[in-house]
Amino acid sequence: MMRTITLFALLPLAACASQDIAGPKSPYEVQQKVRADSPAGALDMEQTNGTVVASEEALDRLRNNSGITLQWIGWQKRGELEVTQPDDVVMLKGLQQGNDERPGTLSIDGKVTAIKKDRFTFDGTIRIADAPDPGRDCVRSGPMEFLVTQDRKYWRLQDMVACDGLTDYVDIYF
């Protein structure tokens, strides 16, 4: 009786062993098959021209932002930051203008390449002119990271020291 039960238990295994299951032999082959079956570049973030959105909530916060500041100009009167989304690319364009007491200009122009819950990557240009001193012109271009820390209600540019060694706090509020 025990032999009969054992034989019946092994029958499904024998059936599997006798079948020749054709399939990929490695994870690399799986990846190549998925890429071949997908629209061109759909899985390659480097090939994507659009913004990679890992958090819709964070994107909504960015769309509904409450301005941009540079500490040299001040936090009391925020500059405006316009967020547009032509096709699948999130674009940022903003300006904070100083006054007689705290002169200077902060401008930002470029695209968001990726956004997550507490950070986003910006690829574009940030220009600081005449702040904190007249004649200063600090231009940053290329990919930059903005991050929310310590439950603050803004993203802060992470590469704070540039150009002439001064620390610039560029903040985008939500």
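Tutor: A pocket is an open set of grid points with protein on both sides within 12 Å along at least five of seven lines, and its lining residues have an atom within 4 Å of a point. The structure discussed here is a predicted model.

Student: What is the volume of the largest pocket?

Tutor: Rolling a probe the size of a water molecule over the atoms shows where empty space is left. For the largest pocket, the volume comes to about 190 Å³.

Student: How many charged residues are in the lining of the largest pocket?

Tutor: Among the residues that line the largest pocket are Arg61, Lys117, Asp118, Asp151, Arg152 and Lys153. The lining also includes Val148, Thr149, Gln150 and Phe174. Sorted by class, it has 2 nonpolar residues, 2 polar residues and, as charged residues, 6.

Student: Is Asp151 buried or exposed?

Tutor: Asp151, one of the residues lining the largest pocket, lies in the loop between β7 and β8 (154–157). Its relative accessibility is 73%. A residue over 50% counts as exposed, and therefore Asp151 is classed as exposed.

Student: What is the phi of Asp151?

Tutor: Most residues other than glycine have a negative phi. Asp151 is a residue other than glycine, yet its phi is positive, near 55°.

Student: Which residue forms a disulfide with Cys138?

Tutor: The count of disulfides comes to 1. Cys138 belongs to strand β7 (residues 137–147), and the pair links distant parts of the chain, 25 residues apart. With sulfur atoms 2.1 Å apart, the partner of Cys138 is Cys163.

Student: What is the angle about the S-S bond that links Cys138 and Cys163?

Tutor: The link of Cys138 and Cys163 is right-handed. The angle about its S-S bond is 85°.

Student: What is the phi of Cys163?

Tutor: Cys163 lies in the loop between β9 and β10. Although Cys163 is not a glycine, its phi is positive, about 60°.

Student: Which residue does a cis peptide bond join to Ala131?

Tutor: Most peptide bonds are trans. The bond in question is cis, with omega about 0°.

Student: Which backbone oxygen lies 2.5 Å from a polar atom of the side chain of Thr51?

Tutor: Thr51 is placed in the loop between α2 (27–37) and β1 (52–53), and it is buried because its relative accessible area is 11%. Beyond its neighbours within four places in sequence, Thr51 is in contact with residues including Asp88, Val89 and Thr113. Its side chain reaches the backbone nitrogen of Val90 at 2.8 Å. The oxygen asked for, at 2.5 Å, is that of Val112.

Student: What distance separates the C-alpha atoms of Lys77 and Gln96?

Tutor: Lys77 is in the loop between β2 (67–70) and β3 (80–84), and Lys77 counts as exposed because its relative accessibility is 69%. Lys77 and Gln96 are 19 residues apart along the chain. The separation of their C-alpha atoms is 8.3 Å.

Definitions and conventions:
Residues are numbered from 1 along each chain as its sequence is written. This is a predicted model: local features need pLDDT of at least 70, side-chain atom pairs count only at pLDDT 80 or more; totals for chains, interfaces and linings use all residues. Side-chain values use heavy atoms; hydrogens and water are left out. Helices (H or I, at least four residues) and strands (E, at least two) are DSSP runs, numbered from the N terminus. Buried means under 20% relative accessible area, exposed over 50%, partly exposed in between (1.4 Å probe, protein chains only). A polar contact is a pair of N or O atoms within 3.5 Å; within protein, one must be able to donate a hydrogen and the other to accept it, and residues adjacent in sequence count only if both atoms are side-chain atoms. Contact means heavy atoms within 4.5 Å. A disulfide is a pair of cysteine sulfur atoms within 2.5 Å. On a 1 Å grid over the protein atoms alone, a cavity is a set of points where a 1.4 Å probe fits but cannot get out, and a pocket is an open set with protein on both sides within 12 Å along at least five of seven lines; lining residues have an atom within 4 Å of a point. Grid points are joined across faces, edges and corners, and a volume is the space filled by probe spheres set on the points. Ala, Val, Leu, Ile, Met, Phe, Trp, Tyr, Cys and Pro count as nonpolar, Asp, Glu, Lys and Arg as charged, and the others, Gly among them, as polar.
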